[in-house]
Amino acid sequence: MNWDTTDYVIATALFASCALVTWLITRNARSHWHILAGTLAALGALVLVWMQLAVGLIGSGEHPINQAMTLVLAAGAIGSALSRFRASGMRTTMLAVAGTQMTLGALGFILATPDLFSDVFLVTTFFAGIWTGSALLFHLAYRREQRA
């Protein structure tokens, strides 16, 4: 793989964005659960974008579901902004992101050729698991905040 200047700039922007999101979440965190949940969500988004830019998640990068994966990130960004990174809102946001991921996975099964079924299944399961795990950690953070 030959990286040029553009690749390094994009990689730097991705890592800087991940660090910024993690910092925003941890700045207002009241528990280690909140920090863990935010870090998991930020790393999940980083991996999603990285894989999408590198090879595409399903088949080639031109597959329609690959193009629609932007909706997953948009759901996370909009929900995070609306909830102001608070645990109760982030829990709901991450469940919405997981739902978006699973909906795109279901559409992927409809649109994919049989040779891509395993790609669709693995991508959907992997990322829906990350988003749901983050929602669970945000739930634990919310419960901790309620007791404090």
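Predicted model: local features only at pLDDT ≥ 70, side-chain atom pairs only at ≥ 80, totals over all residues.
Which element gives the largest share of the lining of the largest pocket? Helix 2 does, with six residues.

Residues are numbered from 1 along each chain as its sequence is written, and side-chain values use heavy atoms, with hydrogens and water left out.

**View 1. The largest pocket holds about 420 Å³ of space.** Of its 22 lining residues, Val 21, Ala 41, Ala 42, Ala 45 and Leu 73 are the closest to the centre. Two or more lining residues come from each of helix 1, helix 2 (32-54), helix 4 (70-83) and helix 5 (87-111). The lining is made up of 17 nonpolar and five polar residues, with no charged ones. (A pocket is an open set of points on a 1 Å grid over the protein atoms alone, where a 1.4 Å probe fits and protein lies on both sides within 12 Å along at least five of seven lines; lining residues have an atom within 4 Å of a point. The volume is the space filled by probe spheres set on the points, joined across faces, edges and corners. Ala, Val, Leu, Ile, Met, Phe, Trp, Tyr, Cys and Pro count as nonpolar, Asp, Glu, Lys and Arg as charged, and the others, Gly among them, as polar. Helices are DSSP runs of H or I with at least four residues, numbered from the N terminus.)

**View 2. Trp 3, Tyr 8, Phe 15 and Trp 50 form a nonpolar patch on the surface.** Together these residues have about 420 Å² of accessible area. Look for Phe 15 in helix 1 (residues 5-27); Phe 15 counts as partly exposed because its relative accessibility is 47%. (Patch residues have over 30% relative accessible area and no salt bridge, and nonpolar side chains (Val, Leu, Ile, Met, Phe, Trp, Tyr) are joined within 5 Å. A salt bridge is a side-chain nitrogen of Lys or Arg within 4 Å of a carboxyl oxygen of Asp or Glu. Areas come from the Shrake-Rupley method with a 1.4 Å probe; for residues, only the protein chains shown count as cover. Buried means under 20% relative accessible area, exposed over 50%, and partly exposed in between.)

View 3. Most residues other than glycine have a negative phi. Here, though, phi is positive at Arg 84, near 55°, and positive at Phe 85, about 65°. Arg 84 is exposed because its relative accessible area is 51%, whereas Phe 85 is buried because its value is 18%.

**View 4. Thr 132 sits in helix 6 (residues 117-147).** With a relative accessible area of 38%, Thr 132 is partly exposed. Val 72 is 60 residues from Thr 132 in sequence and 13 Å away in space, C-alpha to C-alpha.

**View 5. Ala 106 belongs to helix 5.** Ala 106 counts as partly exposed, at 40% relative accessibility. From Ala 106 to Ala 11 there are 95 residues in sequence and 30 Å in space, C-alpha to C-alpha.

How values were computed. Patch = residues over 30% accessible without salt bridge, like charges linked within 9 Å, V, L, I, M, F, W, Y side chains within 5 Å. Buried < 20%, exposed > 50% of the residue type's maximum accessible area, 1.4 Å probe, protein only.
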